[in-house]
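Thanks for making time this morning. Let me put the model on the screen, and then I will talk through it piece by piece.

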There are 2 protein chains.
Amino acid sequence: MQRILSTTLPDHVGETVTLAGWVHRRRLLKSVAFLILRDAGGLAQVVVTEPHSRTWLATLTEETVVEVVGTVAANPAAPAGVEVIEPTVRLLGEVAVPPPFDLYRPGLTATLPTQLDHAPVALRHPARSAALRISAAAVAGFRSTLDARGFVEIHTPKVVASATESGANVFAIDYFGTPAYLAQSPQFYKQLMVGVHERVYEVGPVFRAEPHDTTRHLAQYTSLDVELGFVTDHRDVMSVLRDVLAGMLAGVADRAAVPLATLGVEVPDVPAWIPAVHFTEALAIAGAPPDEPDLAPAHERTLGEWARTEHGSDFLFVTGYPMAKRPFYTHPDPDRPAYSNGFDLLFRGVELVTGGQRLHRYGDYLAALAARGEPVEPYASYVEAFRHGMPPHGGFAIGLERFVARLVGAANVREVTAFPRDLHRLTP
Amino acid sequence: MQRILSTTLPDHVGETVTLAGWVHRRRLLKSVAFLILRDAGGLAQVVVTEPHSRTWLATLTEETVVEVVGTVAANPAAPAGVEVIEPTVRLLGEVAVPPPFDLYRPGLTATLPTQLDHAPVALRHPARSAALRISAAAVAGFRSTLDARGFVEIHTPKVVASATESGANVFAIDYFGTPAYLAQSPQFYKQLMVGVHERVYEVGPVFRAEPHDTTRHLAQYTSLDVELGFVTDHRDVMSVLRDVLAGMLAGVADRAAVPLATLGVEVPDVPAWIPAVHFTEALAIAGAPPDEPDLAPAHERTLGEWARTEHGSDFLFVTGYPMAKRPFYTHPDPDRPAYSNGFDLLFRGVELVTGGQRLHRYGDYLAALAARGEPVEPYASYVEAFRHGMPPHGGFAIGLERFVARLVGAANVREVTAFPRDLHRLTP
């Protein structure tokens, strides 16, 4: 008999069905035992009255994997108004030791480090798995938005000959005896691919040897990268980003309604026009001195509150960051060359996206590297492509874990990452 | 004026439009010049008669990026029956040097190494970019097939504490002073995530320090990984794989019709039931001695021809590979324990997919490692998860580049990989 998921039980009242899943919890009463079964759909209540089955159930440990064949009965007092009665329960996967913490409680009481040490078990908790399902739904929305706009998905090298984002925070690797590095971003490759497909995106891992322990940095995270050609300036890029964010949140609302409900999360609106302030205005709003070269996390928080209060928006663009603080490939603002055509997007007061217009002329790359006193040689194969005709272009990168953490209200990106990697963590 | 793509020109006859793209080719005649413009949609013919524009066009190099504003006119002799007349041409991105090879010829005449050295330019050739678009369409079909079947997308660590597929062919990395490795596959993680979501997939890079130069191996490739729980045995996995292949090819047919036409490729049918032969039969069909432990490439070619002739199928399952040749997590055939519940899928005589049922009991893992004389310690965080209740499960991995190469008839996977990594190649 074809197995069904617990979510479809209400459609099968009066029928005999097969369920399978994990023993989430047992309640052993005198004349009856309740087995709460957890599967990919959710929870189902199984009522065991037959004495031998009750005795056997009493010996099982939580997280044992079982198959249940039984009859679906309506019971207004049961979850979703249905339960499974007169079951035959069969063992599919035994448990060697009890779980290191209770998975059936509303929240995991174990500390985050303990949860991460036992991630394969901790992630089974409905709150942890819900966040990962929301993450998958957000990525699906990202892709469908871009697919509909003619973007082509690409896969670029993660092992590279030189660091992309600056010499720091890069992992070294022995590549057949040659020194190489893990890619800190697909930045150079996505730009080169604008020359091929005009509009590209990539969903993939990026690597940062972050020497600090923070709640929002990981040594590996999933970067949602976009790059598009034939833009007028960074505002065309911001317009695509606005649609992408709306598409990600629509994807979450459409595909992850149950996980959202599990976490009690409401999906925010993305305004048709996300408010945007120039960096110089942002400093003033944040109460920072006008000669600050960058925004500190505290400034970003203030700006997030301001956007909420003044514009009713969870999102805020800050444009025109000083050139001195942006990478060498950044396009300057033609009218104020000390400022860039680069932007950040703040989501609820945290930097979520960095983007902007890039240089597209070969001569501009040579000049930009020279002005920073950087040699061309490490970037040779990148810069070479700009000798062969590139359109004005720009793009952005969204940190997936940071987006999900902010969306579900997680204090630490590790709560929404299956197997985080950081300064102290290489397993599981 | 909103820019349009060349593909939509036939919808705009009589209108003034804006195009933008690369100067693919120029034909400079006495009283007229033809500018063939290449954009993400394809090629467009622009007719330049005004003397100053003709003179300027004569000075341009191929691959210069331009914007063209002109009137769309019907001309049955022009490509797609339309051309752009009375154009104003504006420079968007200049060229510093001519391309190292001609991009306007039907095929690239440069050798593959030369193409790879200049990948950002070579990939602009319609034949090269078409293969990459087919690749993107195949991945979209992979995901949509699995999304419709309740699979959840995951992202797993690419930096791991120990080798996954055996000690060989692994890249070492300095992880904050600790030795670590690049993941050879997401095998362990996708299995662990079956305990969380039941059905999972991942599209991501995997890394193999292949010491040999072959036409079908890369040091980094894109692996399409699937794993599902609550299977009876490997045949449930093969059934999902059949649907996934059909979905990938449907994705290609739907989303990449123009690239398919560019390459003259017809999408093969996936039979409702892909023929399957046991390993022992496969040896007999291939004319190999019955005590061979594995299939050589020549055997696979013979089997591919046999499947074509006997079953009219481009696809063939070989099941029941000897346990001795499969990884320790492989589930044995309960009836013939020297053989496995593992399979390969051959596509046109080349191994494209490896998969099978896995062990799911903790005790079986300990026994399997002990039987191979391998210590448990390097696999501790993996094996630990099996102490906590895992369902019978299995999965498979498809090599994306190999799939696309076989589909488009490329002799070398490097022809369908944007920026390949191998023993000799770390740039661009």
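In chain A there is an open sheet of 8 strands with mixed pairing, in the order β6-β10-β11-β18-β17-β16-β13-β12, where two strands count as paired if DSSP finds at least two bridges between them, and where helices (H or I, at least four residues) and strands (E, at least two) are DSSP runs numbered from the N terminus. This is a predicted model, in which local features need pLDDT of at least 70 and side-chain atom pairs count only at pLDDT 80 or more, while totals for chains, interfaces and linings use all residues. Residues are numbered from 1 along each chain as its sequence is written, chains are lettered from A and ligands numbered from 1 in the order in which they are written, and side-chain values use heavy atoms, with hydrogens and water left out.

Back to the sheet: its edge strands are β6 (152–153) and β12 (276–278) of chain A, each of which pairs on one side only. β6(A) runs parallel to β10 (residues 199–207) of chain A, with 2 bridges between them, and A:Glu153 stands opposite A:Tyr201 in β10(A). Across β11 (220–229), β12, β13 (315–319), β16 (342–347), β17 (350–358) and β18 (393–399) of chain A lies helix α6 (residues 234–255), at about 35 degrees to β18(A); here axes are lines fitted to C-alpha atoms, for helices over the stretch in contact, and angles run from 0 to 180 degrees between N-to-C directions. In the loop between β16 and β17 of chain A sits A:Arg348, which has a positive phi of about 50 degrees although it is not a glycine. For context, most residues other than glycine have a negative phi, and most peptide bonds are trans.

Let me turn to a helix pair. In chain A, the axes of α4 (residues 126–147) and α12 (residues 400–408) come within 10 Å and cross at roughly 120 degrees. The helices α4(A) and α12(A) are therefore oblique to each other, given that angles under 35 degrees count as roughly parallel, over 145 as roughly antiparallel, 65 to 115 as roughly perpendicular and the rest as oblique. Which residues of α4(A) and α12(A) meet? From α4(A) they are A:Ala131, A:Ile134, A:Ser135, A:Ala138 and A:Val139, and from α12(A) they are A:Leu400, A:Phe403, A:Val404, A:Leu407 and A:Val408, contact meaning heavy atoms within 4.5 Å. By class, this contact of α4(A) with α12(A) has 9 nonpolar, 1 polar and no charged residues, where Ala, Val, Leu, Ile, Met, Phe, Trp, Tyr, Cys and Pro count as nonpolar, Asp, Glu, Lys and Arg as charged, and the others, Gly among them, as polar.

In the segment after α12 of chain A we find A:Pro428, and a cis peptide bond, with omega about -10 degrees, joins A:Thr427 to A:Pro428. In chain B, B:Thr427 and B:Pro428 are likewise joined by a cis peptide bond with omega of about -10 degrees.

Staying with chain B, 5 strands close into a barrel in the order β1-β2-β3-β5-β4, with mixed pairing, and the twist averages 55 degrees from one strand to the next. Strands β1 (residues 16–28) and β2 (residues 33–38) of chain B run antiparallel and are joined by 6 bridges, with B:Val23 opposite B:Leu37 in β2(B).

Finally, how do the two chains relate? Chain A superposes on chain B by a rotation of 180 degrees with 0.0 Å of shift along its axis, at an RMSD of 0.0 Å, the superposition being by least squares on the C-alpha atoms of residues with pLDDT of at least 70 in both. That is the relation of a two-fold axis, and in chain A the C-alpha nearest the axis belongs to A:Ile173, 2.3 Å from it. The copies meet through the same surface, because 100% of the interface residues of chain A are also interface residues in chain B.
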